[in-house]
Amino acid sequence: MVKSNELTQISDEIRQRRLGKALLLLENYLLTHQLSYDTTERLKAVKADYDLMNDYWKRGFQDPERENVYDQLLRRTDVLCTNLQIHYCLRNSTFLHDVYAQARKRRNDWAVSSLRIDMENFVSDLALLGLEPEHTREGKLLALHRDHQQLMSDLFDYIFTSRCWSMRLCEAFREILLSPTIDSSDQQLIVSAVTLSSLHFFDYYKFRLLTDVYRLASDELVRQRALVGWVLALDDSRQNIYPELRQTVEELTANEHCRQELCELQQQMVYCKNAEHDHEKIQSEIMPELLKNSRYRITRNGIEEKDEDMMDDILHPEASEEAMEKMENSFRRMMDMQKRGSDIYFGGFSQMKRFPFFRELSNWFVPFYMDHPDIADVVTRIRKNKFLQTMLRESPFCNSDKYSFTIAFEQVLKQLPEDMRTMMERGEAALHEGAVGEDFRKPAYVRRLYLQDLYRFFRLHPQRSEFVNPFDRQVFLAMDIFRFTPMDGVRGGMTAFFLRRRMTEEACAVTDMSLTDTWKYVMEQKPEKEWPVLGYARVLFAEKRYEEALESYDQLLAMAPDKKNYLLNKAVCLLNLTRYQDALNILYQLEYTSPDDENVSRVLAWALLCNGRYEQASSRYNQLLAAPQVVADDLLNYGYCLWFSGDIIGAVGTFRQYVGDTNISADEMEQEMMGTEHALIAAHGIADHEIQLMLDSLR
């Protein structure tokens, strides 16, 4: 998105509540840029009120309303600066300027009262068309939808490129969005336009509209879009100017249902951001298995049915069932990913966003309906296909993907074998497990599909660089505005969610703590669970806090006394605390129960070495180095074993082999011997000058 450095600086001054400096910088900006008379007059009015307040203050007048006046002047200045930023953005972006100009060129009357009449007339006209004879209804229906879709597309563009709203305008649109006489699809589209506009530049009254609709709307489709909208529109830095922001968040989050929805929303955004990773997993692991076991193959001429091999059926009668079972397992695996929240369709539909349909900005957000005029030609030819009807009715596709699927379906249909086309016409073929029953109406389901629409827009729109991508934000629950609100009560669950997915940076952001303290916090929240204690132990170990890590592993062993990994990690902690005999007691036990475990043998060899039992350590290192795949660290440690036992020539040779295999530098070897393992080397009677002699031998 194009931004002015000058206006950004002015905005920063406003956020820091430095009103006088902001006004001075705005005056200078207007002097060097040719702007409208209206903008200049607005600034003069704010400046005059500021000077008057300042003059009264200098004269020593006590004004109990002075702080309120200062706050109001800050807001007026903020609105003025934001409008200038919008103007700058529109002027310096060809794409945004075209969006702005086209909407205003096609319609002059943008009064909300006029818009409301047009939207209400559409609903009544649509109802009246149901009384028309069938032979005349289709043409009139197409014309009605074409005119209305153009209106809504222009309104979307108009709102998206609009300046800051007034309270009056906010209230007028609130009535539209809550009215039962307005079509739900129109209301949903307006909410998306307000959201997109708010993401560009924060507008308090657009934010207020979204929160009001979230609180008051009875239509769940509209309500969920409003929830996503106000969350994405939140701007921490505006709290200094609009203290009502925190008050609003506190009031909303006082409701348990709202807290639950915010947590779900945060998790769903994470799943959306993982769409590319999930697509790669499907492409590399699942799809090859599906295609391998399918009775169809993809060719350059389309999809063809494979020839059946009769001899193969005779020799391997179970092969067909096994192939079907493998295919079903692969498909079930993909469906399980989808049920957990993964956006499994992103990759498949991403190439289908290049259709002309998506050149219209509003079409990325418009709820799916078969009578959309931009897909009318395609729908006329394939509307009666029962497979298509079932897919559009029951498939877990977001609106954007339903449009893509419908447009592409006709071309795909032509390339299918005749028997498959017949099955589809009859509705006998199925390629998915649709959402069951009321899943379609559940708020979480509605929200997930809308987020997928948003994610596709911000990732795939040709002009995506012109927009502020909300999915780039780290974690919205980590924002300061959520702190010291009722959301603090669910912070532990969200932290656990991130930690379980190894998203440690996000987890720390939610708690505003170090990684160690974050793990401890989650551990305290879930004392009955093993995994937080394990995570805490690992972090302590990484920080070389071995005594505390040892306590954590003891805690884990109290939960799972025979778990090998816990015992092994406890032994390693004991080794780092130089409690060699205690470590050996555990390792001998592990060697007895797991004689073929190389990790146990490796730690045991090191423990014997540290404890001065060189001959026993050497025996185990020889076994490890005889394995088909040699671990480089075993060579290094065997070198220490030879050195400590007095075989200096053998040690030099082993260290040289290690250096050759790992391509490690002389400086790194010096850091190893004089830093990392210096205490151990010294403990085995080797002086610093001997270390230098060894390093010289390796050089």
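Helices here are DSSP runs of H or I with at least four residues, and strands are E runs of at least two, numbered from the N terminus. The model is a predicted one: local features need pLDDT of at least 70, side-chain atom pairs count only at pLDDT 80 or more, and totals for chains, interfaces and linings use all residues. Residues are numbered from 1 along each chain as its sequence is written, and side-chain values use heavy atoms, with hydrogens and water left out.

Q452 lies in helix α22, residues 443-460. Q452 is buried, with a relative accessible area of 4%. Buried denotes under 20% relative accessible area, exposed over 50%, and partly exposed the range in between, with a 1.4 Å probe and protein chains only. Contact denotes heavy atoms within 4.5 Å. Beyond its neighbours within four places in sequence, Q452 is in contact with C272, D343 and C398. N83 sits in helix α4, which runs over residues 66-91. N83 counts as buried because its relative accessibility is 13%. With residues up to four places away in sequence set aside, N83 touches R163 and C164.

Helix α8 spans residues 167-178 and has 12 residues. From first C-alpha to last, α8 reaches 16 Å, close to the 16 Å expected at 1.5 Å a residue. The expected span is 1.5 Å times one less than the number of residues. The buried residues of α8 are C170, F173, R174, I176 and L177. They cover an arc of only 160 degrees around the axis, so they lie on the same side of α8. The arc is that of the directions from the helix axis to the C-beta atoms. Which elements cover the buried residues of α8? The cover includes α6 (112-129), α7 (134-160), α9 (184-200), α10 (204-216) and α11 (220-233).

On a 1 Å grid over the protein atoms alone, a cavity is a set of points where a 1.4 Å probe fits but cannot get out. A pocket is an open set with protein on both sides within 12 Å along at least five of seven lines. Lining residues have an atom within 4 Å of a point. Grid points are joined across faces, edges and corners, and a volume is the space filled by probe spheres set on the points.

The structure holds 3 cavities of 30 Å³ or more. The largest cavity contains about 120 Å³ of space. It is lined by 15 residues, and those closest to its centre are I86, F160, S162, H200 and F201. Helices α4 and α9 are the elements that give two or more residues to this lining. The largest share, 4 residues, comes from α4. By class, the lining of the largest cavity has 7 nonpolar, 5 polar and 3 charged residues. Ala, Val, Leu, Ile, Met, Phe, Trp, Tyr, Cys and Pro count as nonpolar, Asp, Glu, Lys and Arg as charged, and the others, Gly among them, as polar.

The second largest cavity holds about 40 Å³. Its lining is made of V2, K3, S4, L7, T8, Q85, Y88, C89 and F201. Two or more of these residues come from each of α1 (5-15) and α4. Helix α4 gives the most, with 3 residues. The lining of the second largest cavity divides into 5 nonpolar, 3 polar and 1 charged.

The second largest pocket contains about 810 Å³ of space. Of its 23 lining residues, V572, N576, W606, C610 and E677 are the closest to its centre. The elements that give two or more residues to this lining are α28 (564-576), α30 (598-610), α32 (632-644), α34 (666-676) and α35 (678-683). The largest share of the lining, 5 residues, comes from α30. By class, 13 lining residues are nonpolar, 5 polar and 5 charged.

Backbone geometry was also examined in two loops. K544 has a phi near 65 degrees, a positive value in a residue other than glycine. K544 is found in the loop between α26 (530-542) and α27 (546-559). K544 counts as exposed because its relative accessibility is 62%. N663, also not a glycine, has a positive phi of about 60 degrees. The loop that holds N663 lies between α33 (648-662) and α34. At 68% relative accessibility, N663 counts as exposed.
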